Amino acid sequence: MQLDSSQKTTLVFLGAFVTAGIVLSTMVFPFWNLIREDVFEEVTILNNDNGVCYVETKDDIPKIIEDCLLNSDDVVTIKYGEGLAWATVVSP
């Protein structure tokens with residue numbers, strides 16, 4: 001099978017594009033930056049608004065807990081990703 005000039009040029013540009021993508025993904029924007037560290041913290045429920053609880057954490061980002069059956073002033077342990085605004089209850 002013979003490739004003509006335009007097919008060869010397309011193949012070279014496609015190879016360069018893939019190579020550039022691999023370099024950018026490994027050196028400029030490493031994959032492990034997408035994986036956030038889980039933080040566990042004991043907090044007090046500030047408010048329960050129809051199944052959505054709000055808590056304040058050490059990182060000063062208010063957290064939202066959906067499907068929450070807890071009451072205000074309940075103390076629970078939550079898990080959240082570093083820098084994220086939502087959390088889940090680990091243990092009441």
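Here is a short walk through the strands of this structure and how they pair. The model is predicted, so local features need pLDDT of at least 70 and side-chain atom pairs count only at pLDDT 80 or more, while totals for chains, interfaces and linings use all residues. Residues are numbered from 1 along each chain as its sequence is written, and side-chain values use heavy atoms, with hydrogens and water left out.

Let's begin with the sheet. Five strands form an open sheet in the order β3-β2-β1-β4-β5, with antiparallel pairing. Strands here are DSSP runs of E with at least two residues, numbered from the N terminus, and two strands pair if DSSP finds at least two bridges between them. At the edges sit β3 (63–65) and β5 (87–91), each pairing on one side only. Neighbouring strands of this sheet are turned by 50° against each other on average, direction ignored; the axes behind this angle are lines fitted to C-alpha atoms, and angles run from 0 to 180 degrees between N-to-C directions.

Next comes β1 (residues 38–49), which pairs with β4 over seven antiparallel bridges; V39 has Y80 of β4 as its bridge partner. Strand β4 (residues 75–81) is largely enclosed by the rest of the structure, because five of its seven residues are buried (under 20% relative accessible area, 1.4 Å probe, protein chains only).

Finally, β4 and β5 pair antiparallel over four bridges, with V89 in β5 as the bridge partner of I78. Their hairpin has five residues between the strands, and G83 takes a positive phi near 85° there.

Note on methods
Buried < 20%, exposed > 50% of the residue type's maximum accessible area, 1.4 Å probe, protein only.
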